[in-house]
Amino acid sequence: MNGKSVMECVDAAHAVIEQHRDEIAQLDQAIGDGDHVFNLLRGLEALIELRPQIEGLEFQPALSLSASKLLSTIGGSSGPLLASLLMGMAKTPAPELNSSSLAAMFKSGVAMMAARGKAGVGEKTMLDVLIPVSETFEELTSTHVSSDQLLSAIKTRAEDGMLATREMIATKGRASFLGERAVGHIDPGARSSQLIITAICDLVAGRHESRASDALEYAGRGA
Amino acid sequence: MKKFINTPATYLMDSLNGFAAAHADLVTLHLEPLVLTRRERQSKVALISGGGSGHEPLHAGFIGHGMLDAACPGQVFTSPTPDQMIAAAELVDTGAGVLFIVKNYSGDKMNFEMAAEMLSTSNATVIINDDVAVENSSFTTGRRGVAGTVIVEKIVGALAETGANLEDCRLMAEHVNSRLASMGVALKSCIVPAAGTPTFNLPDDEIEIGVGIHGEPGRRRSPMASASSIVAELLGAILADLKPEAGVEVLLLVNGLGATPVSELYLLFNDARCQLEQRGLRVSRSLVGNYTTALEMAGASITLCLLSKELTALWDAPVHTAALRWGV
């Protein structure tokens, strides 16, 4: 794995967010201010413009460069949060790259994001997807499951976490101003995180299933 | 969507270029990262603010003598980034330190926090949270920062001009924030250019009481009512929060959210002033106009600031910016 693998993930993330642009915008207009998906796309597009530099680096330096670029491009809450995730991953000691060192990197990246956002599970944010996913990732890499089983467990955990935000009251971010009025709506950050994780799992598994059919379904349920 | 734009992607730069050219005597526009600085430099504590765009004239319209030294504009309704804040601090710091004036939103706080961590010059931050529509609690992000920010920037800006040090400026900002309360009402939604559709839908005969400056829902929706009863509801919430003693002097700001005629703002001011005087408060200073907007949202907010001799003198001190100008 190297900077090329990082860019493959960026391309997969960009494609899936572009595909679900309207759905995420609708979720965000319901409980936020509608800018999440545009900020995310602006950040991913900035990384795509930086392709030659990122691809020329080893894995962790590529994550580090991506983190700085996201921090100076996105703004809002997503900028510092996503930059913290990638920076935390880049800074985790990893003598060799394998699934357990990747799981450790992801875990400390998510911890750094949670520290920056001062949030945890149950607050109707992207951490409701990322924390459970990091737990499953770590648990299963220490057992002897196949890579297919691992990827499918991660996707399930991400989807469960995303769906669980629907019944939550937000205590962080702009949706927190709504109190009870945010209940019944899926968090847009949780949805975008779940989409990106699923897209990366599919990339790793070499499967490129189209999940377009889910889009309107979730937007409809959220409304 | 009907707006004066060329493309949504160039909206911000096209507008900032116009602002910088129209006020070239007051501000300088820096690119990459995007920062506006005060043209005339002076040895004093530097005041820097910033936030999402779409609230004009906040913040760049308040750069100049007696107010801000720099402003960092983000994308529409999106916090600016730490590199903008660091560049702004490096451009305007004269050795006396910088005070970041930040509205209480998660994104603004996180980006300013990261900038402060990375900055080598001495700096302090004050968080403004004057919107009483949102209940404060340790379990939420808390009250939003809205139009009262203008009053903080004016009063602390005047103090900084006197040569006060960074800590005194920070304390004054906290002090003013503790004597401020605001609440808004929307008659019609705004449209974020990149989204192209209204942020919320409000039926023709309903209003959103307690709306935020990004179109966040407020306390409740209610049927359209007379100006004086809307004013009574906003003032009720504001006074319940400030609990002023009878006879105290106040600054009354009636702020337009973008699409409400100035004549209606004065009408609201008239109702608000009469109701305050009936309650034994004296409106000794006033400000009416579009100072903290939410794109083309129709609506207004009311802000009260409890004055003292010191605060009144700082409010009256000369100011020379694009959007506020007196005593010069």
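**Entry 1: strands 8 and 9, chain B.** I looked up the pairing of strand 8 (residues 180–188) with strand 9 (residues 206–209) of chain B and found the two antiparallel, joined by 2 bridges. Pairing here requires at least two bridges found by DSSP between the strands. Strands are DSSP runs of E with at least two residues, helices are runs of H or I with at least four, and both are numbered from the N terminus. Within this pair, I noted Val185(B) opposite Ile209(B) of strand 9.

**Basis of the model.** I record that this is a predicted model, in which local features need pLDDT of at least 70 and side-chain atom pairs count only at pLDDT 80 or more, while totals for chains, interfaces and linings use all residues. Residues are numbered from 1 along each chain as its sequence is written, chains are lettered from A and ligands numbered from 1 in the order in which they are written, and side-chain values use heavy atoms, leaving out hydrogens and water.

Entry 2: I traced an open sheet of 6 strands in chain B, ordered 10-9-8-13-11-12, with mixed pairing. Its edge strands are strand 10 (220–223) and strand 12 of chain B, each pairing on one side only. On average, neighbouring strands are turned by 20° against each other, direction ignored.

**Entry 3: helix 8.** Helix 8 of chain B packs on that sheet, touching strand 11, strand 12 and strand 13, and its direction makes about 30° with that of strand 12. Contact means heavy atoms within 4.5 Å; axes are lines fitted to C-alpha atoms, for helices over the stretch in contact, with angles from 0 to 180 degrees between N-to-C directions.

Entry 4: I found 6 strands of chain B in an open sheet of mixed pairing, in the order 1-2-5-3-6-7. Strand 1 (27–30) and strand 7 (123–128) of chain B are its edges, each pairing on one side only. Strand 6 (residues 98–103) pairs with strand 7 of chain B in the parallel sense over 6 bridges, and Phe100(B) stands opposite Thr125(B) there.

**Entry 5: Asp69(B).** I located Asp69(B) in the loop between strand 4 (64–65) and strand 5 of chain B. Asp69(B) is buried, with a relative accessible area of 7%.

Key: Buried < 20%, exposed > 50% of the residue type's maximum accessible area, 1.4 Å probe, protein only.
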